[in-house]
Amino acid sequence: MSLSFPNRSRSYDASTKRIRFIGYDGMFEVPFLVDANVFPGASTEAGYLAAFDAGRDVIQKAAAKAYGYTRRRLYILTASDFR
């Protein structure tokens with residue numbers, strides 16, 4: 001199976017300064033976090049979520065690439081995943 005993102009929900013976790021979203025490999029949920037510093041123009045929860053929505057395609061491609069390397073319980077995407 002390949003990774004898909006049918007659920008467009010996402011949330012901002014202020015304690016870790018990351019945005020959470022979920023991918024699916026068949027029936028298995030695959031949790032992802034994106035560091036907020038990936039979005040340098042944002043500084044509020046609403047700003048981070050809007051930036052995530054604007055960059056959703058690029059973020060999902062980076063998530064799929066990270067997922068393809070190895071299987072983990074949680075994936076954390078940082079700025080280096082987008083270079």
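The chain shows about 5,300 Å² of accessible surface, and carbon and sulfur atoms own 53% of that (Shrake-Rupley method, 1.4 Å probe; for residues, only the protein chains shown count as cover). Heads-up: this is a predicted model, where local features need pLDDT of at least 70, side-chain atom pairs count only at pLDDT 80 or more, and totals for chains, interfaces and linings use all residues. Residues are numbered from 1 along each chain as its sequence is written, and side-chain values use heavy atoms, with hydrogens and water left out.

**Overall build**

- You get two helices and five strands in the chain, where helices (H or I, at least four residues) and strands (E, at least two) are DSSP runs numbered from the N terminus.
- Reading from the N terminus, the order is β-β-β-β-α-α-β.
- The radius of gyration is 12 Å, close to the 12 Å from the globule rule for 83 residues, so the chain is as compact as a globular protein of that length (C-alpha atoms only; the rule is 2.2 Å times the number of residues to the power 0.38).
- Along the principal axes, the C-alpha trace spans about 35 × 25 × 25 Å.
- Of the 83 residues, 37% are buried; buried means under 20% relative accessible area, exposed over 50%, and partly exposed in between (1.4 Å probe, protein chains only).
- Take contacts between residues at least 6 apart in sequence: 46% of them join residues at least 24 apart, with contact meaning heavy atoms within 4.5 Å.

**Charges**

- There are 12 positive and 8 negative side chains, and the centres of the two sets sit 4 Å apart.
- Lys and Arg count as positive, Asp and Glu as negative, while His and the chain ends are not counted.
- Each charge is placed at NZ of Lys, CZ of Arg, CG of Asp or CD of Glu.

- Helix 1 (residues 45–54) has Tyr-48, Leu-49 and Phe-52 as its buried residues. They cover an arc of only 95° around the axis, so they end up on the same side of helix 1 (the arc is that of the directions from the helix axis to the C-beta atoms).
- The cover over those buried residues includes strand 2 (10–13), strand 3 (18–25), strand 4 and helix 2 (56–69).
- Ala-46 counts as exposed because its relative accessibility is 56%.
- Ala-46 and Ser-11 are 35 residues apart in sequence, with 9.9 Å between their C-alpha atoms.

- Asp-35 belongs to strand 4 (residues 28–35).
- With a relative accessible area of 13%, Asp-35 is buried.
- Skipping neighbours within four places in sequence, Asp-35 is in contact with Lys-17, Arg-18, Ile-76, Leu-77 and Thr-78.
- Asn-37 is in the loop between strand 4 and helix 1, and it counts as exposed at 56% relative accessibility.
- Asn-37 and Ala-79 are 42 residues apart in sequence, yet 7.2 Å apart in space, C-alpha to C-alpha.

**Lys-17, worth a look**

- Lys-17, one of the contacts of Asp-35, lies in the loop between strand 2 and strand 3.
- Its relative accessible area of 54% makes Lys-17 exposed.
- Lys-17 has a positive phi of about 55° although it is not a glycine.
- For context, most residues other than glycine have a negative phi.
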